[in-house]
Amino acid sequence: KLKNSLQLGSVNTVKNYIHYLENAYLIFTMDKYSYSVADQALSQKKSYVVDTGLMSTIGFQFSKNSGKYLENVVYLQLRRNNNFSIYYYKTKNNLEVDFCLRKGQKIISLIQVAEHINNKKTRDREVRALVTAMDEMNIKEGLIITADQAEKIEIDGKHIQVISIVDWLLQ
């Protein structure tokens, strides 16, 4: 997609540019979690900037996109804790979970990030993806980080804690 939108000659050029940005510590990339190393290597990567100020200065956008900033802040905080590997996860029916944390061979946490979950459509999407991933990985607890909401959700014996970004960062 980047090759076409930037009108570059090849995918290798895009890979090189991304590699240069990583080496300059301007961005980080995150792999998709998969039991297959080949699937991990071939899957799209998600990228996050080292400094969220870069997002607004360099990025071209029509709206505030506070949700992307929030997700970036969560990624940076997770990265500071070097006790686990960080991935994103796609369920078998292609629902995405923002963060999948692995320690050794064990998945220790699944985390969704959403600015707000007041809207029924957003809430259903975030909870459905998290519950589906929890089922696939046999995990009983999940987390949704929001801008300012807190609650506990229980579905089919699974517990989802909704927590504000401020409270999560202060833990």
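The structure is a predicted model in which local features need pLDDT of at least 70 and side-chain atom pairs count only at pLDDT 80 or more, while totals for chains, interfaces and linings use all residues. Residues are numbered from 1 along each chain as its sequence is written, and side-chain values use heavy atoms, with hydrogens and water left out.

Six strands form an open sheet in the order β3-β4-β5-β6-β8-β7, with mixed pairing; strands here are DSSP runs of E with at least two residues, helices are runs of H or I with at least four, and both are numbered from the N terminus. Two strands pair if DSSP finds at least two bridges between them. At the edges sit β3 and β7, each of which pairs on one side only. On average, neighbouring strands are turned by 30° against each other, direction ignored. Strands β5 and β6 run parallel and are joined by three bridges, and Q112 has I144 in β6 as its bridge partner.

Helix α6 packs on this sheet, touching β3, β4, β5, β6, β7 and β8, and its direction makes about 175° with that of β5. Helix α5 (residues 66-80) lies across β3, β4, β5 and β6 and runs at about 5° to β4. For these angles, axes are lines fitted to C-alpha atoms, for helices over the stretch in contact, and values run from 0 to 180 degrees between N-to-C directions. Contact means heavy atoms within 4.5 Å.

C100 lies in strand β4 and counts as buried because its relative accessibility is 0%, buried being under 20% relative accessible area, exposed over 50% and partly exposed in between (1.4 Å probe, protein chains only). Beyond four places in sequence, C100 touches residues including Y33, Y87, L110 and M137. Q149, in the loop between β6 (141-146) and β7 (151-155), is also buried, at 13%.
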